[in-house]
Amino acid sequence: MTDLLLSNASRRGWLKQGAALSLAATGSLRAFAQQPQATLVLGDQAGGLRSLFEASKALDGAPFAYRWANFQGAAPLFEAQRSAAVDTAMAGDLPVLAAAVGKTPLKIVATRVGKADSLGIVVQPDSPLRSVAELRGKTVVVSSARGSISQYQLYGALEEAGVRRDEVTVKFVLPTDAAAAFASKQIDAWAIFDPYYTIALQQGGRILRDGRGINTALGFITASEHSLADPARRAAIVQFLDRLGRAGDWALANPEAYAQAYSQLTRLPIESSRIITARASVAGRPVSEADIVALQAVADRSLRDGILPVRVDVRAITDTQVWKRAA
């Protein structure tokens, strides 16, 4: 497994600190003194999950071996899970549903709670666009692919503003490629999520509409059905989720230490890192009935809006028995 593509950002000269997101040595295998019960490949996006564990040290002494597989967005991450290249994945609500539509053999095993202002629609600082209604007749780039949280954000914002979806041209571009184009002013409007969202704003981008009131701010950890069927890997996944809960508790109690560790790992400026970590999905807990209901509402709305081609039964792709940590 190779680290994902985030090096594209440096090749395109994005942000000068774009190499920050390449996260050197992501794929290194960690082995512990005790005999490991299993080896897990932990799927990550833009280093967000790994930085949480590195900062909290919640994986120190884990009774399993692991390595990180880092991706720039949910679409390539779930391609890896579909091909059994990763045991677990983390993503927002709609990408999980899109992966299920794509026949990825997964189960939702944990919920992560963040803030809805961690994504939005950004425009150039000198853009004449001042409202979502003014996107009528314009082109909006969505990252990372069809079925992303950014697509859901854009469609929700358009509906709110009374703009028909066929009145806007939508193009889907992976985040690092879109970031390079936005930085060089080849993109007028971009629907994107953190950390790319915050970086674009730090570089002068202006918010047209953020995710508050549209997105659920829920993220999910999924596990491969193949991995869950293996007793040793299933046990390791449960242990990983226990440590995820502890890592989230630590991050909420130590926000500055978390931001500093995130900055050091990603090489992003501390100012950006503080913003990103303050609204990141860090709190980890078992999937609740309310989570299932909220995700089903996203699934049904996405079917109505043509984002998903078929209805997803959220309960059918959720396994609430895997992890029973007290909420």
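This is a predicted model: local features need pLDDT of at least 70, side-chain atom pairs count only at pLDDT 80 or more; totals for chains, interfaces and linings use all residues.
**A sheet, its helices and a helix pair**

Strand β6, residues 139–142, runs parallel to β7, and four bridges join the two. As a reminder, strands of a sheet pair through backbone hydrogen bonds, either parallel or antiparallel.

Now let's zoom out. The open sheet has five strands in the order β7-β6-β8-β5-β9, and the pairing is mixed. Which strands stand at the edges? They are β7 (169–172) and β9 (206–210); each has a single partner strand, so one side of each is left without a neighbour in the sheet. On average, neighbouring strands here are turned by 30 degrees against each other, direction ignored.

Next, the helices on this sheet. Helix α5, residues 149–161, packs on it and touches β5, β6, β7, β8 and β9. The direction of α5 makes about 70 degrees with that of β5. Helix α6, residues 175–183, lies across β5, β6 and β8, and runs at about 140 degrees to β8.

Finally, a helix pair. Helix α2 (residues 48–56) packs with helix α9 (residues 231–253) at about 75 degrees, and their axes are 9 Å apart. Angles of 65 to 115 degrees count as roughly perpendicular, so that is the word for α2 and α9. Who makes the contact? From α2, the residues include Leu 49 and Phe 53, and from α9, Leu 244 and Trp 250 are among them. By class, this contact has nine nonpolar, two polar and one charged residues.

Notes
Residues are numbered from 1 along each chain as its sequence is written. Side-chain values use heavy atoms; hydrogens and water are left out. Two strands pair if DSSP finds at least two bridges between them. Axes are lines fitted to C-alpha atoms, for helices over the stretch in contact, and angles run from 0 to 180 degrees between N-to-C directions. Contact means heavy atoms within 4.5 Å. Angles under 35 degrees count as roughly parallel, over 145 as roughly antiparallel, 65 to 115 as roughly perpendicular and the rest as oblique. Ala, Val, Leu, Ile, Met, Phe, Trp, Tyr, Cys and Pro count as nonpolar, Asp, Glu, Lys and Arg as charged, and the others, Gly among them, as polar.
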